[in-house]
Each structure stands twice: as C-alpha cells, then as structure tokens.
Amino acid sequence: MSDTVAADQLRLFIERIERLEEEKKGMADDIRDVYNEAKSTGFDSKTMRTIVRLRKMEKHARDEQEALLETYKAALGLN
C-alpha cells in the first residue's frame, strides 16, 4: 500500500470518527433535553437516570445489585 493510499485511508477513518462523535454529542444533547423536559413536569431526573441504568442490566445482575445494597443498608442500620 502506498503512503498516499494509507494517508487517504487514515484521513477517511478520522473523518468518519469525527462525524460519529458529532452525532453522539447531538444525541447526548437530545437526551439531556428529554431529562430536562421530564424534570419540568415534576419528575426527578436523577431517579430516572437510575431507572434507565437498571433497565439496561440483566435481571440477575440487577437482583444481585439490589440484594447487595439491602445487605449494606442493613449493616449500616438504614432499613
């Protein structure tokens, strides 16, 4: 592969990454807007973020995390 071809290919990869990074930023802005909209109607955005994170987890991982949290809370007298 010639230096020119390699440089062109590298430039194309970099440009694709830059476009995807810009799209990712746009998506993050959109998500933030939805949280702000929900907050303005009375929902707690921090709790909503926690729910979104929990819904991404598999049930067994979520159950394990919740059990561990309950164990720690009991150990610290928070129940």
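A salt bridge is a side-chain nitrogen of Lys or Arg within 4 Å of a carboxyl oxygen of Asp or Glu. The model used here is predicted.

**Exercise 1.** Find out what joins the side chains of glutamate 15 and arginine 11.

Solution. 
- Step 1: The N to O distance is 3.3 Å.
- Step 2: The cut-off is within 4 Å, so the pair counts as a salt bridge.
- Step 3: Both residues, glutamate 15 and arginine 11, lie in helix 1, four residues apart, about one turn of the helix.
- Step 4: Glutamate 15 is partly exposed at 29% relative accessible area, and arginine 11 is partly exposed at 41%.

**Exercise 2.** Which residue forms a salt bridge with lysine 25, and which network includes Lys25?

Solution. 
- Step 1: The partner of lysine 25 is aspartate 29, with the closest N and O atoms 3.1 Å apart.
- Step 2: Lysine 25 and aspartate 29 sit four residues apart in helix 1.
- Step 3: Salt bridges link Lys25, Asp29 and Arg32 in a network.
- Step 4: Lysine 25 has 46% relative accessibility and counts as partly exposed; aspartate 29, at 22%, is also partly exposed.

**Exercise 3.** Describe how lysine 73 and glutamate 70 are placed in helix 3.

Solution. 
- Step 1: Helix 3 covers residues 59–75.
- Step 2: Lysine 73 and glutamate 70 are about one helical turn apart because three residues separate their positions in helix 3.
- Step 3: Their side chains meet in a salt bridge of 3.3 Å, N to O.

**Exercise 4.** How many salt bridges does a search of the whole structure find?

Solution. The search finds six.

Terms used. Residues are numbered from 1 along each chain as its sequence is written. This is a predicted model: local features need pLDDT of at least 70, side-chain atom pairs count only at pLDDT 80 or more; totals for chains, interfaces and linings use all residues. Side-chain values use heavy atoms; hydrogens and water are left out. Helices (H or I, at least four residues) and strands (E, at least two) are DSSP runs, numbered from the N terminus. Buried means under 20% relative accessible area, exposed over 50%, partly exposed in between (1.4 Å probe, protein chains only).
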